[in-house]
Each structure stands twice: as structure tokens, then as C-alpha cells.
Amino acid sequence: MVKILARLQRAVRGLSAPSVTLVGKRWRDPYLVLVSCLLSLRTKDTTTLPAAERLFGLADTPEGMLKLSIPQVERAVYPVGFYRTKARRIRDISRVILNQYGGRVPDTLEGLLSLKGVGQKTANLVLVEGFGKPAICVDTHVHRITNRLGYVRARTPDETERVLRGKLPQVFWKDINWVLVLWGQNICRPVSPKCSVCPVSGVCRKVGVTAHR
Ligand code: SF4
């Protein structure tokens with residue numbers, strides 16, 4: 001797996017990183033990483049990043065966010081999916097961070113999971129991209145590709161995360177998400193992956209792949 005990931009990492013060089021990774025690199029602020037994660041749920045990266053930029057232009061701290069009205073937040077983040085729900089959630093979470101965590105995003109899995117609307121995937125991504133901590137964010141791409149490769153045999157993303165924690169060398173934990181997200185968006189797509197141009201096709205077991213290009 002180490003060699004496979006190294007090969008895929010080389011193959012995605014030149015592609016634009018996922019929106020949350022870009023936010024982490026540009027702002028280096030766990031709060032903004034958390035907000036961009038919330039915006040990115042069920043939304044394409046090409047929509048998430050401009051929405052995050054518009055919102056951060058208005059407010060980039062929990063205090064600032066609470067000074068905005070919900071319609072202001074909604075207008076800034078539109079057209080991300082479920083923008084009304086997300087606007088409320090961002091404000092609710094900002095309030096909790098301010099009142100219960102002294103204005104700082106908690107830097108533990110337990111602390112992050114205590115925030116309403118933050119699930120395992122988001123919490124791990126904030127640890128990686130916001131705090132630079134070793135964590136494994138298993139989203140739909142990581143789950144699908146590690147199982148297709150035959151490296152993992154798991155039915156759910158949570159199960160995949162548990163397996164990866166046990167066998168993937170920690171040095172790859174931070175990178176596996178953005179590498180496989182890019183690979184999944186571009187080559188190892190959910191339907192009909194482009195195996196003919198995949199540099200790891202020779203070692204991939206293609207578990208569950210019934211048709212490919
Ligand atoms: S060979 Fe096909 S199924 Fe395997 S990782 Fe590459 S694109 Fe995905």
C-alpha cells in the first residue's frame with residue numbers, strides 16, 4: 001500500500017487540491033478549516049471554495065460569525081448544498097466554540113465530535129488539515145478505493161477507518177485523504193473507473209468493479 005500511495009501521490013501532482021486542504025494551507029486556521037468542512041458536505045469543491053472565500057471575507061472568527069445574521073451567512077455561502085441548514089449550523093457551532101471552548105476549536109476527536117453536526121469524517125479532517133495531527137479521514141473516496149484495491153475489506157467508512165488505523169503506516173495518515181479524493185474524483189470514479197490509465201492497475205484487485213474504462 002505504501003508503494004501504491006506513493007505512486008498515486010505522484011500521479012495527482014498538478015491537480016488542484018480539495019477545497020478543505022486548500023483552506024488549511026492558505027489560512028492555517030482550524031476554525032476556518034472546520035467551517036469549510038461543513039460547507040463542503042454534499043457540495044462540489046468548485047462550489048465550496050468560492051463560498052468559503054466569500055464567507056471568510058465577511059467573518060473569519062467565531063465572534064465575527066456571530067455578528068452576521070443568518071441571512072447574511074446564507075447569501076455568502078449560496079449555492080452550497082443545504083445552505084440554509086449549514087448557515088444555522090455554522091452559527092450554532094461558532095457560539096459553542098466561543099462559550100464552551102474559549103473561542104478555540106477543540107483539538108481532540110472527542111471535543112470535535114461533541115459539536116453538533118460534526119461527524120467522524122469532519123472531525124478527522126479538521127485534525128489533519130487544521131491542526132496537522134495524525135488522523136485518517138475516510139470519506140466516500142477513501143472507503144471506495146481502499147476496498148477496490150483489496151487493501152481493506154470493510155462495509156462502512158467507519159470500519160475502513162478502523163482497519164486503516166491498524167495497518168497503514170502513520171506517515172501516510174495525513175495524505176491518504178487528499179490523494180484518494182483527487183484520485184476518486186478524476187480516475188477511480190464510482191462508476192466505470194478509468195483503470196486503463198491507472199498506474200496501479202497491475203496490483204489493484206478491482207474488488208467490486210464490474211465495468212471499467
Ligand atoms: S485500477 Fe481501477 S479500480 Fe484499481 S485503483 Fe486504479 S482506477 Fe481504481
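Which residues of α10 are buried? They are H141, V142, H143, R144, I145, T146, N147, R148 and L149, where buried means under 20% relative accessible area, exposed over 50%, and partly exposed in between (1.4 Å probe, protein chains only). This is a predicted model: local features need pLDDT of at least 70, side-chain atom pairs count only at pLDDT 80 or more, and totals for chains, interfaces and linings use all residues. Residues are numbered from 1 along each chain as its sequence is written, and side-chain values use heavy atoms, with hydrogens and water left out.

**Helix α10**
- Helix α10 covers residues 140–149 and is mostly covered, with 9 of its 10 residues buried; helices (H or I, at least four residues) are DSSP runs, numbered from the N terminus.
- Its buried residues pack against α1 (2–11), α11 (157–167) and α12 (173–186).

**The nonpolar cores**
- A nonpolar core is a set of buried Ala, Val, Leu, Ile, Met, Phe, Trp, Tyr and Cys residues joined through side-chain atoms within 4.5 Å.
- The largest one has 38 residues, and L34 and L55 have the most contacts inside it.
- Seen by element, α2 (19–27), α3 (30–40), α4 (45–58), α6 (70–77), α7 (83–100), α8 (109–113) and α9 (120–131) each give two or more residues to this core, and α3 gives the most, with 8 residues.
- Leaving aside neighbours within four places in sequence, L34 is in contact (heavy atoms within 4.5 Å) with I93, I97, V105, L115, V118, T122 and V126.
- Another core, of 28 residues, lies apart from it and has W173, I176, V179 and V200 among its members.

**Around the ligand**
- Surrounding the ligand are R148, L149, C188, P193, C195, C198, S201, C204, K206 and V209, each with a heavy atom within 4 Å of it.
- This shell divides into 7 nonpolar, 1 polar and 2 charged residues; Ala, Val, Leu, Ile, Met, Phe, Trp, Tyr, Cys and Pro count as nonpolar, Asp, Glu, Lys and Arg as charged, and the others, Gly among them, as polar.

**Two buried loop residues**
- D139 is found in the loop between α9 and α10, and counts as buried because its relative accessibility is 11%.
- Not counting residues up to four places away in sequence, D139 touches K121, N177 and V181.
- L168 has its place in the loop between α11 and α12, and is buried, with a relative accessible area of 4%.
- Beyond its neighbours within four places in sequence, L168 is in contact with M1, L5, Y151, W173 and I176.
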